[in-house]
Amino acid sequence: MTVHPVTIWGEPVLHRRASEVTEFDDELRGLIDDMHATNDAANGVGLAAPQIGVGLRLFVYKYQNDDGVPPRGAVVNPRLTLSKIPGSAPDPEEDEEGCLSFPGESYPLKRADWARVEGFDGEGKPVDFVATGWFARVMQHEYDHLDGKLYVDRLTDRYSRKAKKAAKNHGWGVPGLTWMPGVDPDPFGH
């Protein structure tokens, strides 16, 4: 297993829709293993393939949940069905979200309370479960990456301005920027 550099906001692969996975083979399973290794080294709860520069519809997760779903897994070619997203303003403490591709920054964002996740595992076997609470947030966050969106693209105006200012201050928004989990300092201080 290989730990890969994590792409940072501005890398083109993060901002376009990823392609469907068409082959369930050893190469795919190796990619999934590498993604788990990278996610573990980054202390993440999820990692989408575009975050390591691979434009495929695939994400991995590592999250203890109360939904009867294994705490570690991969979802290939996922489809999500969501509950309604509350229209209230996000709570700065309860709804704060971060992203390995927008490292070290966190902003509040409202998400749906539950998500039905359908797709396949790395062997091509069907996956179908309902995630609730923070586990649902993780699923929505990773799925967004596959459509070329980062959570900062969904922020309310107030927090969007703060995120854009942070990106400018960090020098993000250009291709070629990465950070290396396990080598570079953990941007979230884990």
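Predicted model: local features only at pLDDT ≥ 70, side-chain atom pairs only at ≥ 80, totals over all residues.
Student: Happy with that. Where is Asn43 found, then?

Tutor: Asn43 sits in the loop that joins H1 to S2. Most residues other than glycine have a negative phi. Asn43, although not a glycine, has a positive phi of about 60°. Asn43 is partly exposed, at 39% relative accessible area; buried means under 20%, exposed over 50%, and partly exposed in between (1.4 Å probe, protein chains only).

Student: And Asn77, which is not a glycine either: what is its phi?

Tutor: Asn77 also has a positive phi, about 50°. Asn77 belongs to strand S4, and its relative accessible area of 9% makes it buried.

Student: What does Asn77 touch?

Tutor: Contact means heavy atoms within 4.5 Å. Leaving aside residues up to four places away in sequence, Asn77 touches Glu20, Val21, Phe24, Arg57, Glu118, Gly119 and Phe120. With Val21, a polar atom of the Asn77 side chain lies 2.8 Å from the backbone nitrogen.

Student: Now the sheet: in what order do the five strands come?

Tutor: Strands of a sheet pair through backbone hydrogen bonds, either parallel or antiparallel. Two strands count as paired if DSSP finds at least two bridges between them. Here the open sheet runs S2-S3-S4-S7-S8, with antiparallel pairing. S2 and S8 are the edge strands, each with a single partner, so one side of each has no neighbour in the sheet. From one strand to the next, the twist averages 40°.

Student: How many bridges join S7 and S8?

Tutor: Seven, in the antiparallel sense. Glu118, for example, has Asp128 in S8 as its bridge partner.

Student: Which strands does helix H1 lie across?

Tutor: H1 (residues 26-41) lies across S2, S3 and S4, at about 45° to S3. Axes are lines fitted to C-alpha atoms, for helices over the stretch in contact, and angles run from 0 to 180 degrees between N-to-C directions.

Student: How many residues of H2 are buried?

Tutor: Twelve of its 14, so H2 is mostly covered. Among them are Phe135, Arg137, Glu142 and Asp144. The buried residues of H2 pack against S2 (46-48), S3 (58-62), S4 (72-82), S5 (96-98), S7 (114-120) and S8 (126-132). After H2 comes Gly148, with a positive phi near 80°.

Student: Which residues of H3 are buried?

Tutor: Tyr159, Ser160, Ala163, Ala166 and Ala167. Viewed down the helix axis, these buried residues fall within an arc of 125°, so they line one face of H3; the arc is that of the directions from the helix axis to the C-beta atoms. They pack against strand S6 (106-108). On the other side of H3, the exposed residues include Asp157, Arg161, Lys164 and Lys168.

Technical notes:
Residues numbered from 1 in each chain as written. Heavy atoms only, no water. Helix = DSSP H or I, 4+ residues; strand = E, 2+ residues; numbered from the N terminus. Polar contact = N/O pair within 3.5 Å; in protein donor to acceptor, adjacent residues only side chain to side chain.
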